[in-house]
Amino acid sequence: MNNTYYNPADLAKFGKISELQPEMGRKFFDYYEEVFKEGALTEREKALIALAVSHAVQCPYCIDAYSSECLQKGADENQMMEAVHVAAAIKGGAALVHGVQMMNKIKELTM
């Protein structure tokens, strides 16, 4: 077994996160539950979005949870990997577009 900073068993403890702030925890979980209900987007589409965001924010707990959730909601491996590639493209593009700030600064300093 590999030791990592993130303990996969801790994901199951997430529901207890509100022990120190019950009111805030209740509000969060009520909101969270509402967000993932079927609406303009299907539950499967929302799970795929959550999987992509999980990769963008690099949360191993979320990646585990939404990998399972996507499969349970009927997504296949190709759809899931495509969602991950969308996240990678957006995250990469976000890093690159900040290069414009560098280019502006270079022009400012070298003029």
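Me: Is Pro60 buried, partly exposed or exposed in this predicted model?
Reply: In this predicted model, the relative accessible area of Pro60 comes to 26%. Buried would require under 20% and exposed over 50%, so this value falls in between, and Pro60 is partly exposed.

Me: Which helix holds Pro60, and which residues does that helix cover?
Reply: Pro60 belongs to a helix that runs over residues 60–72. The helix in which Pro60 is found is helix 3.

Me: How far apart in space are Pro60 and Val100?
Reply: Along the sequence, Pro60 and Val100 are separated by 40 residues. Taken from C-alpha to C-alpha, their separation in space is 31 Å.

Me: How are helix 2 and helix 4 oriented to each other: parallel, antiparallel, perpendicular or oblique?
Reply: Two packed helices are described by the angle and the distance between their axes. The axes of helix 2 (residues 43–56) and helix 4 (residues 77–97) come within 8 Å and cross at roughly 45°. An angle under 35 degrees would count as roughly parallel and one of 65 to 115 as roughly perpendicular, and therefore helix 2 and helix 4 are oblique.

Me: How many residues of the contact of helix 2 with helix 4 are nonpolar?
Reply: Helix 2 contributes residues including Leu48, Leu51 and Ala52, while helix 4 contributes others, among them Met80, Ala83 and Val84. Besides 2 polar and 2 charged residues, the contact has nonpolar residues numbering 8.

Me: What is the radius of gyration of the protein?
Reply: The protein has 5 helices and 0 strands, and its C-alpha trace spans about 55 × 40 × 35 Å along the principal axes. A compact globule of 111 residues would have a radius of gyration near 13 Å, whereas the protein has 19 Å.

Note on methods:
Residues are numbered from 1 along each chain as its sequence is written. This is a predicted model: local features need pLDDT of at least 70, side-chain atom pairs count only at pLDDT 80 or more; totals for chains, interfaces and linings use all residues. Side-chain values use heavy atoms; hydrogens and water are left out. Helices (H or I, at least four residues) and strands (E, at least two) are DSSP runs, numbered from the N terminus. Buried means under 20% relative accessible area, exposed over 50%, partly exposed in between (1.4 Å probe, protein chains only). Axes are lines fitted to C-alpha atoms, for helices over the stretch in contact, and angles run from 0 to 180 degrees between N-to-C directions. Angles under 35 degrees count as roughly parallel, over 145 as roughly antiparallel, 65 to 115 as roughly perpendicular and the rest as oblique. Contact means heavy atoms within 4.5 Å. Ala, Val, Leu, Ile, Met, Phe, Trp, Tyr, Cys and Pro count as nonpolar, Asp, Glu, Lys and Arg as charged, and the others, Gly among them, as polar. The radius of gyration is taken over C-alpha atoms; the globule rule is 2.2 Å times the number of residues to the power 0.38.
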